[in-house]
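Take each task in turn, and read the solution once you have had a go.

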Amino acid sequence: VSPHLRQSHKKVWTEHLDDGDIDYAHFARQLAQQKFTGPIILEPATEAGTPRTMSPLEAYRRSVAWTRKTFGV
């Protein structure tokens, strides 16, 4: 089992993972309670309306930092 993370703001996919429509802090607490140790997959995606303010590499770096903070990994 591996959760795939993607985020949106007002139902539009975001450029990188951060706080948004999906409450990943709650999800992270649930995984921790279950002692989940599997992989967490970052699944970036874009669509019409997705902001594009940085390079894909910078968006990935920000997503990794946010995931580490949120999921404690």
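**Exercise 1.** Decide whether Phe 71 is buried or exposed.

*Solution.* Start with the cut-offs: buried means under 20% relative accessible area, exposed over 50%, and partly exposed in between, with a 1.4 Å probe and protein chains only. Phe 71 has a relative accessible area of 14%, so Phe 71 is buried. Before going on, note that this is a predicted model, where local features need pLDDT of at least 70 and side-chain atom pairs count only at pLDDT 80 or more, while totals for chains, interfaces and linings use all residues. Residues are numbered from 1 along each chain as its sequence is written, and side-chain values use heavy atoms, with hydrogens and water left out.

**Exercise 2.** Classify the aromatic pairs that Tyr 24 forms with Trp 66 and with Phe 71.

*Solution.* Step one is the rule: rings of Phe, Tyr and Trp (its six-membered ring) pair if their centres lie within 6.5 Å, and planes under 30 degrees apart count as stacked, over 60 as edge-to-face and the rest as tilted. The structure holds 5 aromatic pairs. In one of them, Tyr 24 and Trp 66 lie 5.8 Å apart, centre to centre, with 75° between the planes, which is edge-to-face. This pair links distant parts of the chain, as Tyr 24 is in helix 1 (residues 24-33) and Trp 66 is in helix 2 (residues 56-71), 42 residues apart. Helices here are DSSP runs (H or I, at least four residues), strands likewise (E, at least two), and both are numbered from the N terminus.

Step two is burial: Tyr 24 is buried at 7% relative accessible area, and Trp 66 is buried at 8%. Step three is the other pair: Tyr 24 and Phe 71 are tilted, with 6.3 Å centre to centre and 55° between the planes. Here too the pair links distant parts of the chain, with Tyr 24 in helix 1 and Phe 71 in helix 2, 47 residues apart. Finally, Tyr 24, Phe 27, Trp 66 and Phe 71 form one aromatic cluster.

**Exercise 3.** Describe how helix 1 and helix 2 are placed relative to each other.

*Solution.* First, take the axes, which are lines fitted to C-alpha atoms over the stretch in contact, with angles from 0 to 180 degrees between N-to-C directions. The axes of helix 1 and helix 2 come within 9 Å and cross at roughly 55°. That makes helix 1 oblique to helix 2, given that angles under 35 degrees count as roughly parallel, over 145 as roughly antiparallel, 65 to 115 as roughly perpendicular and the rest as oblique. Next, list the contacts (heavy atoms within 4.5 Å): Tyr 24, Ala 25, Phe 27, Ala 28 and Leu 31 in helix 1 meet Trp 66, Thr 70 and Phe 71 in helix 2.

**Exercise 4.** Find the surroundings of Leu 5.

*Solution.* Leu 5 is found in strand 1 (residues 4-5). With 1% relative accessibility, Leu 5 counts as buried. Beyond its neighbours within four places in sequence, Leu 5 is in contact with residues including Leu 17, Tyr 24, Thr 67 and Phe 71. Leu 5 and Thr 67 are 62 residues apart in sequence and 9.0 Å apart in space, C-alpha to C-alpha.

**Exercise 5.** Identify the loop that holds Lys 10, and check its phi.

*Solution.* Lys 10 is found in the loop between strand 2 (8-9) and strand 3 (12-13). Lys 10 has a positive phi of about 50° although it is not a glycine. Lys 10 is exposed, at 76% relative accessible area.
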